[in-house]
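This report covers helix packing and nonpolar cores in one protein model.

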Amino acid sequence: MSLDKVKIAIIGLGRIARTHIDSIQHWPELCELTAVVDIKEDLAKSYSEEFNVPYYTSVEDCLADPNVDAVVICLRHDLHEPVSVQASNAGKHVLVEKVMATSVEEGISMVNAAKRNNKKLMVAQSRRYFQAFHEARKHFDKIGKITNSLYNFTCYFDKDIAPLWWRSKEATGGLAYPMLGSHAIDITLWMMDDREPVSVLAQGTSNNPDFEGDDDLTIIIGFNDGTQATCFLGINNKYPIHEGNIIGKKGTIKWSQTGDHVGLIGTADTDLYVNGELIMSGASEPHNFAIQMKEFVDSVIEDREPLTSGEKIITQLRIIEAAQKSAEEKRVVRLEEIDSLATVN
């Protein structure tokens, strides 16, 4: 059945939900918010009253609503797979927050469920939708073949700032690896998509006893042409840094971002430099989450694969899993070691 306007429910009303709702409101001709869901009834009711939509305290009741075509899943990481599969089986399209899942096997389960039900599965890799990154790719001819890159994402969270579930390694799937690695690895793979990742070397440490799992870490991704890329990640820097360098044989692309955790969570201002020249500066208009939402609803309406489809993000999950294995075993891990027996149908 074709749709000309996608009716969307938000499942989970934590810190990122409001940004997704704002994104839906950017495109009234394409989509609309039709329900909100949270197990905390007071929270669900407050959103319901604010946005004049029904609320539910159970996923099952939401998925039974014929006025819901699609859901945005904003739950803790270990719930992404079961709720995504449940939504696909109920005939709903799915936009799931990053990290897609806590393992490769879970990610493949989500992809297979969407395929079985002929529904879209898109991962909210929100940084992929910053206009500055799309502009950067237009200037690759000025820097030549990429030989190396660095993604530096260090911010600050403690038990007084972070949601309670961040304290559980089981709930997060490995703390900084999925929290920050899902962004850093995604952009790295996208910028270097003319080659294949083959190995991972990582080292992580736990410096904050508030959390289970590594909160400072370095991941080095090796590619099949001998090049490499480094992701430096941490949640203990009280003076956040979000920047990157893409080094080519003829030049360099550099970018930096500010304001990630101010105002609408996940949006930011970006300065983009190509060979030392400032190419873009300031906020993305519309913001990256709004562009992401349009890609999701367009993929539903046009019946096509979205830019960050679940199937495309499986490689990111392979690298996250390999990075944790590398840090634990103190060795380089080849990606073929991670490949699950599960397959995409």
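## Basis

The model is predicted, with local features requiring pLDDT of at least 70, side-chain atom pairs counting only at pLDDT 80 or more, and totals for chains, interfaces and linings using all residues. Residues are numbered from 1 along each chain as its sequence is written, and side-chain values use heavy atoms, without hydrogens and water.

## Packing of α1

Helices here are DSSP runs (H or I, at least four residues), numbered from the N terminus. Axes are lines fitted to C-alpha atoms over the stretch in contact, with angles from 0 to 180 degrees between N-to-C directions. Helix α1 (residues 17-25) and helix α2 (residues 41-51) cross at roughly 20 degrees, their axes coming within 13 Å. The two are therefore roughly parallel (angles under 35 degrees). Contact (heavy atoms within 4.5 Å) involves R18, I21 and Q25 of α1 and Y47, E50 and F51 of α2.

With helix α11 (residues 288-301), α1 packs at about 65 degrees, the axes being 8 Å apart. This contact is made by T19, H20, S23 and I24 of α1 with F289, A290, Q292 and M293 of α11.

## Nonpolar cores

A nonpolar core is a set of buried (under 20% relative accessible area, 1.4 Å probe, protein chains only) Ala, Val, Leu, Ile, Met, Phe, Trp, Tyr and Cys residues joined through side-chain atoms within 4.5 Å. The largest has 79 residues, and L121 is among those with the most contacts inside it. Helix α12 (residues 310-329) gives the most to this core, eight residues. A second, separate core of 32 residues includes I8, I10, C31 and A70.

Note on methods. Angles under 35 degrees count as roughly parallel, over 145 as roughly antiparallel, 65 to 115 as roughly perpendicular and the rest as oblique. Buried means under 20% relative accessible area, exposed over 50%, partly exposed in between (1.4 Å probe, protein chains only).
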